[in-house]
Amino acid sequence: HLFTFVYICLHLFTFVYICLHLFAFVYICLRLFAFIYVCLHLFTFVCICLHLFMFYIWILTIFISFKVTELTSAWDKVWSLTNNRSSRLKDALKEAEELHKSVNMLLEWLSDAEMKLRFSGPLPEDEDEVQRQIDEHEKFMAELKEKEKDKDFTLKLAHDILDKCHPDAVSVIKHWITIIQSRWDEVASWALQRYEKLMVNF
């Protein structure tokens, strides 16, 4: 009976030992499954993060591309405006130089004409001398008529510049227009008066 009891105990111990190992195996499998489950969730999370990051990069690329296009368009517009302004400034400088030259030449001629009329002397009594002065004055009147084209051109140029010049320059341009017109009217009036006196004396 003792042998039988020992035999049963050994078999029972072996069974318990096997059960314990089986339990340990199941426990290890469960822990391994849990680890794999966590790894899968972690991998899924990483994949989602990568997709979100790629989506962010895509959105950022589109935004940057749009901004670059916008900046390029703005730059082209500024460059075009700069070139146009530079061209207008060159044209304005050319017109201003031309006006300056025309005004100086016209005022110089008017000054000479004024001096000639002022110091033409008294009306002569000799008929031949009167005729000579009439002929000479008619040449002057013809020159005055020819110079009127230069005067009209200068005034037109001044008015053209006045229409598009900076507000600070308006008063200067108007001043020169007034001077040219008044000096011209003055010389033309003197010339006409001189001619009329010569004709009356003739």
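Visitor: How many residues in the lining of the largest pocket are nonpolar, polar and charged?
Guide: Asp, Glu, Lys and Arg count as charged; Ala, Val, Leu, Ile, Met, Phe, Trp, Tyr, Cys and Pro as nonpolar; the others, Gly among them, as polar. By that rule, the lining divides into 11 nonpolar, 3 polar and 5 charged.

Visitor: What kind of model is this?
Guide: Residues are numbered from 1 along each chain as written, and side-chain values use heavy atoms, without hydrogens or water. Local features need pLDDT of at least 70, side-chain atom pairs 80 or more, while totals for chains, interfaces and linings use all residues, as the model is predicted.

Visitor: How much space lies in the largest pocket, and which residues are closest to its centre?
Guide: A pocket is an open set of 1 Å grid points where a 1.4 Å probe fits, with protein on both sides within 12 Å along at least five of seven lines; lining residues have an atom within 4 Å of a point. Of 19 lining residues, the closest to the centre are Ala92, Glu95, Ala96, Ile161 and Cys165.

Visitor: Which element gives the most to this largest pocket's lining?
Guide: Helices are DSSP runs (H or I, at least four residues), numbered from the N terminus. α1, α2 (127–164) and α3 (167–201) each give two or more residues to the largest pocket's lining. With 11 residues, the most comes from α1.

Visitor: Which element gives the largest share of the second largest pocket's lining?
Guide: This second largest pocket holds about 220 Å³. Its lining includes Lys116, Phe140 and Arg194. The largest share, 7 residues, comes from α2.

Notes: Grid points are joined across faces, edges and corners, and a volume is the space filled by probe spheres set on the points.
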